[in-house]
Amino acid sequence: MTLLEAIDKRHSRRKYLSTPIQKDIAEKLETYANELSLLCGVRIEWAWNDGAAFAGFRKSYGMFSGVKNYAGLIADKDDVLAVERLGYYGELLNLYAVTLGLGTCWVGGSLDRNACPFELSGNETVICTIVMGYVAEPDSLKERMIRGAVHRKTKSISDMMKPAAVPDWFMAGMTAVLKAPSAVNRQPVMFSYSGGTARAEILKTGDFTLFIDLGIAKAHFELGSGCGKWAFGNSAEFSLF
């Protein structure tokens with residue numbers, strides 16, 4: 001399974017089996033995360049067999065069960081470029097986990113950050129986590145109910161792009177963007193195409209978590225279009241190969 005194929009396979013899972021993640025799978029995840037960290041300078045740490053941050057109703061609001069393994073994405077929240085990079089490379093890691101047969105979920109709010117086993121320095125904080133583990137198929141009734149409760153109606157492509165005549169690769173990228181995870185399904189990124197140049201931006205910048213969504217959406221667009229690379233930054237350009 002490729003990362004592009006994983007986009008169609010992936011959806012957020014909140015109930016995990018007690019089965020430990022196989023050693024070779026964990027090693028592949030750590031190796032890939034290390035490669036991403038060296039490539040872009042993002043900080044990704046791991047919690048294996050440690051679900052303290054998600055333990056109990058008070059900490060997880062009853063939305064998660066069986067969480068034992070997750071990646072912690074760490075940065076200074078005032079460094080919005082670092083937050084965007086965590087969204088972008090974190091989503092590549094998320095999709096890679098799906099190719100390895102795991103269920104996953106981005107989690108930014110429903111956890112106890114003080115219980116995360118990561119050493120922080122300066123202004124660092126746990127921006128988000130990506131929960132991973134084995135899951136039952138199909139989703140449980142509780143998972144389906146929670147997903148319906150926390151997600152608004154998904155936007156259409158026209159809701160997420162400024163009107164313009166666009167090439168096929170742009171529409172292929174937008175199709176993948178529609179399937180990108182986004183906090184409470186807000187899908188805040190707006191795409192545009194003018195003079196042969198594509199751009200992606202968030203219009204409200206006061207919430208640093210929006211830059212996570214910006215990075216995630218850019219990763220999906222790249223995989224869907226298959227023909228270019230985004231620069232980082234709000235309203236940055238997409239360069240064709």
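Predicted model: local features only at pLDDT ≥ 70, side-chain atom pairs only at ≥ 80, totals over all residues.

**Helix α2 against helix α4**

I began with helix α2 (residues 23-40), which packs on α4 at an angle of about 155 degrees, the two axes lying 10 Å apart. Angles over 145 degrees count as roughly antiparallel, so α2 is roughly antiparallel to α4.

Next I looked up the handedness, and the crossing of α2 and α4 is right-handed. Then I listed who meets whom. From α2 come Lys28, Leu29, Tyr32, Ala33, Leu36, Leu39 and Cys40, and from α4 come Arg85, Tyr89, Leu92, Leu93, Tyr96 and Ala97. Sorted by kind, the residues of this contact are 11 nonpolar and two charged, with no polar ones.

**Helix α4 against helix α7**

I stayed with α4 (residues 80-99) and turned to its packing with helix α7 (residues 210-225). Here I noted an angle of about 45 degrees and axes 7 Å apart.

The α4 side of the contact consists of Val80, Val83, Glu84, Gly87, Tyr88, Glu91, Leu92 and Leu95. The α7 side brings Phe211, Ile212, Leu214, Gly215, Ile216, Lys218, Ala219, His220, Glu222 and Leu223. I sorted these too: 11 are nonpolar, three polar and four charged.

How many cavities of 30 Å³ or more does a search of the whole structure find? I got two. The largest cavity holds about 60 Å³ of space. Its lining is made of Met160, Val177, Ala180, Pro181, Ser182, Gln187, Pro188, Val189, Asp213 and Ala217. Seven of these lining residues are nonpolar, two are polar and one is charged.

**An open pocket**

Last, I looked at the second largest pocket, which has about 180 Å³ of space. Around it I found Lys9, Arg10, His11 and Arg13, then Val98, Gly101, Leu102, Gly103 and Thr104, and finally Tyr134, Val135 and Glu137. What kinds of residues make up the lining of this pocket? I counted four nonpolar, four polar and four charged.

Definitions and conventions:
Residues numbered from 1 in each chain as written. Heavy atoms only, no water. 1 Å grid on protein atoms, 1.4 Å probe; cavity = no way out; pocket = protein on both sides within 12 Å on 5 of 7 lines; lining within 4 Å. Points joined across faces, edges and corners; volume = space filled by probe spheres on them. Nonpolar A, V, L, I, M, F, W, Y, C, P; charged D, E, K, R; others polar. Axes fitted to C-alpha atoms, helices over the stretch in contact; angles between N-to-C directions. Helix = DSSP H or I, 4+ residues; strand = E, 2+ residues; numbered from the N terminus. Contact = heavy atoms within 4.5 Å. Parallel < 35°, antiparallel > 145°, perpendicular 65-115°, else oblique. Left-handed = near helix turned anticlockwise from the far one by under 90°.
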